[in-house]
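The sequence and structure come before the account.

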Amino acid sequence: MLADALLLSGACFVAAFCAGMAGFAFVLVGAGLLLQFLPPATTAPVLVLGSFVVQSIALKAMWYHVDWRVLRRWMLFALPGMPLGVWLLVHVPAGPMTAGVGALLVVYAGYMLARIGLRLPAPSLQGGPAADGAVGFASGILGGIGGYVGALPAMWADAQGLDKLATRGLLQPFIVFMQLLTLPALVLGGFFTREALWLSLAALPGMLAGMWLGLAAFRRLPQQGFRLVLLGLLLISGLSLLI
């Protein structure tokens with residue numbers, strides 16, 4: 001138990017630092033570190049609760065940068081997407097679906113990083129109700145499959161050329177909303193055992209320290225530095241889904 005607590009605390013510190021710096025990827029980074037050593041039943045409740053806590057605390061600083069029109073679209077279409085994701089998780093092998101999303105993230109992040117390396121201007125796509133709805137729906141499905149709710153919205157924000165404040169103003173409240181939907185499902189499923197709650201409490205200091213350091217790094221990052229961090233985490237997220 002003590003070894004598990006130390007491992008979780010260290011992984012949550014790294015995950016919270018990444019989430020504090022980029023506004024997403026707590027679950028993806030934490031799962032990528034922990035699932036090599038611990039079973040999903042142990043890590044899932046800690047990571048979902050940790051993501052909710054970290055993003056909720058950091059949300060206050062982004063509140064005035066929220067684009068409510070776009071956020072409402074994401075939330076509205078994510079609602080039917082999440083139960084569909086849960087149904088797919090039960091009836092269809094999740095591997096091919098998550099691998100497909102992982103490949104998309106790897107190709108996108110690799111392409112954009114290559115453009116930066118070649119000093120080419122970043123292409124910028126135009127958003128709209130249909131595209132925002134598709135991103136929200138697909139993110140809801142991924143949330144139902146494994147809690148991977150932030151990767152596609154982060155990619156879509158980058159593809160539109162949004163600045164770092166506008167990007168985080170969309171990502172953080174959306175992730176908080178999605179984790180609010182996920183937590184009751186984990187409680188009803190019996191995942192929040194006494195052990196899970198104890199491990200979550202033990203990991204809390206690492207989460208808070210990582211989040212504080214990540215937010216401090218975010219405030220000092222120039223726009224291009226933030227974009228490099230976001231693309232790097234998208235690449236890591238895609239690779240973790242493929243693996």
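**Aromatic pairs**

The model is predicted. It holds three aromatic pairs. One of them joins Trp63 and Trp68, whose ring centres are 5.3 Å apart and whose planes stand at 75 degrees, so this pair is edge-to-face. The cut-off for that label is an angle over 60 degrees between the planes. Trp63 has a relative accessibility of 42% and therefore counts as partly exposed. Trp68, at 36% relative accessibility, also counts as partly exposed.

Another pair is formed by Trp74 and Phe174, again edge-to-face, with 5.4 Å from centre to centre and 75 degrees between the planes. This pair links distant parts of the chain, since Trp74 belongs to helix H4 (residues 68-91) and Phe174 to helix H8 (residues 164-188), 100 residues apart. Trp74 is buried because its relative accessibility is 1%, and buried means under 20%. Phe174 is likewise buried, with a relative accessible area of 1%.

The two pairs described here are set out below.

| Pair | Centre to centre | Angle between planes | Arrangement |
|---|---|---|---|
| Trp63 and Trp68 | 5.3 Å | 75 degrees | edge-to-face |
| Trp74 and Phe174 | 5.4 Å | 75 degrees | edge-to-face |

**Charges over Phe218**

The ring of Phe218 has the charged end of Lys164 over it, at 4.6 Å from the ring centre. Arg168 also lies over the face of Phe218, at 4.4 Å from the ring centre.

**Packing of H3 and H9**

Helix H3 (residues 40-59) packs with helix H9 (residues 194-220), their axes being 9 Å apart and at an angle of about 40 degrees. On the H3 side the residues in contact include Pro45, Val46, Leu49, Gly50 and Val53. On the H9 side they include Leu199, Leu204, Met207, Leu208 and Met211.

**Gln172 in H8**

Gln172 lies in helix H8. Is Gln172 buried or exposed? Its relative accessible area is 0%, so Gln172 is buried. Leaving aside neighbours within four places in sequence, Gln172 is in contact with Gly23, Gln55, Ala58, Leu59 and Met62. Of these, Ala58 is also listed among the H3 residues that meet H9.

Technical notes
Residues numbered from 1 in each chain as written. Predicted model: local features only at pLDDT ≥ 70, side-chain atom pairs only at ≥ 80, totals over all residues. Heavy atoms only, no water. Phe/Tyr/Trp six-rings, centres within 6.5 Å; stacked < 30°, edge-to-face > 60°. Buried < 20%, exposed > 50% of the residue type's maximum accessible area, 1.4 Å probe, protein only. Helix = DSSP H or I, 4+ residues; strand = E, 2+ residues; numbered from the N terminus. Lys NZ or Arg CZ within 6 Å of the ring centre and 35° of its normal. Axes fitted to C-alpha atoms, helices over the stretch in contact; angles between N-to-C directions. Contact = heavy atoms within 4.5 Å.
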